[in-house]
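Colleague: I am new to this one and would like to learn how to read it. Could you walk me through a few features?

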Amino acid sequence: RDWFIDGGSASSATVFLAIIPALFATILVYMDENITARLVNRADHKLKKGAGYHLDLFIVGALIGICSLFGFPWLVAATLRSILHVNNVATTEEFVTPSGHVVEHIVRVRETRVSGVAVHVLNGLSLLLTCVM
């Protein structure tokens with residue numbers, strides 16, 4: 001099959017009907033990205049927002065458009081993976097409340113880009129294993 005998906009071969013009715021699920025997908029991706037950003041960037045995580053903080057949604061939207069043209073899977077925020085990553089790189093302290101409950105408190109979060117880059121490099125290298133499959 002060709003690498004590029006030819007949208008010109010679809011009928012006009014198909015194009016107009018495709019708008020409905022496209023709107024739902026747009027809302028879903030927007031909500032997923034923003035919910036994940038709110039959960040990961042909570043005040044108690046003590047993260048510092050960089051200059052490109054608000055570019056995330058733009059970049060995800062652009063990549064979804066590019067991936068759609070080539071039939072690749074979409075990128076999503078992966079809420080659970082993102083929250084677990086923040087919890088794994090966080091330094092926490094446990095203390096006991098006057099009522100006897102043990103509560104974890106985040107002291108700081110070590111911000112790193114290495115693990116995200118490593119995951120994507122390994123995903124890319126997995127393409128070299130297609131000859132084995």
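Colleague: Let's start with the helices. At what angle do the axes of α1 and α2 cross?

Modeller: A pair of packed helices is described by two things, the angle between the axes and the distance between them. Here, in a model that is predicted, the axes of α1 and helix α2 (residues 56–70) cross at roughly 145° and come within 11 Å. The crossing is right-handed. On the α1 side, the contact is made by Val 29, Tyr 30, Glu 33 and Asn 34; α2 contributes Asp 56, Leu 57, Val 60 and Ile 64.

Colleague: Let me pick one of those. Is Ile 64 buried or exposed?

Modeller: The idea is to look at relative accessible area, where under 20% means buried. Ile 64, which lies in helix α2, has a relative accessible area of 12%, so Ile 64 is buried.

Colleague: And which residues does Ile 64 touch?

Modeller: Setting aside residues up to four places away in sequence, Ile 64 touches Val 29, Trp 74 and Leu 75. For Trp 74 there is also a distance to read: Ile 64 and Trp 74 are ten residues apart along the chain, and their C-alpha atoms are separated by 5.3 Å.

Colleague: Now back to α1. Where do Thr 36 and Arg 38 lie, and how do I read their accessibility?

Modeller: Thr 36 is in helix α1, and Arg 38 lies in helix α1 too. Thr 36 has a relative accessible area of 5%, so Thr 36 is buried. Arg 38 is at 65%, and therefore counts as exposed. Not counting residues up to four places away in sequence, Thr 36 touches Ala 77, Thr 79 and Ser 82.

Colleague: What about the strands? In which strand does Val 109 lie?

Modeller: Val 109 lies in strand β2, which covers residues 102–109. With 11% relative accessibility, Val 109 counts as buried. Leaving aside neighbours within four places in sequence, Val 109 is in contact with His 45, Leu 47, Val 86, Val 89 and Ala 90. Thr 91 is 18 residues from Val 109 in sequence, and the two are 6.1 Å apart in space, C-alpha to C-alpha.

Colleague: Let's finish on the surface. Which residues form a nonpolar patch there?

Modeller: Among them are Phe 4, Leu 55, Phe 58, Ile 59, Leu 63 and Ile 66. Leu 69, Phe 70, Phe 72 and Leu 75 belong to the patch as well. Together the patch residues have about 910 Å² of accessible area.

Colleague: Where is the place of Phe 4, and why does Phe 4 count as partly exposed?

Modeller: Phe 4 is in the segment before α1 (12–40). Partly exposed is the range between buried, under 20%, and exposed, over 50%. Phe 4 has a relative accessible area of 45%, so Phe 4 is partly exposed.

Note on methods. Residues numbered from 1 in each chain as written. Predicted model: local features only at pLDDT ≥ 70, side-chain atom pairs only at ≥ 80, totals over all residues. Heavy atoms only, no water. Patch = residues over 30% accessible without salt bridge, like charges linked within 9 Å, V, L, I, M, F, W, Y side chains within 5 Å. Areas by Shrake-Rupley, 256 points an atom, 1.4 Å probe, with all protein chains shown as cover. Salt bridge = Lys/Arg side-chain N within 4 Å of Asp/Glu carboxyl O. Helix = DSSP H or I, 4+ residues; strand = E, 2+ residues; numbered from the N terminus. Buried < 20%, exposed > 50% of the residue type's maximum accessible area, 1.4 Å probe, protein only. Axes fitted to C-alpha atoms, helices over the stretch in contact; angles between N-to-C directions. Left-handed = near helix turned anticlockwise from the far one by under 90°. Contact = heavy atoms within 4.5 Å.
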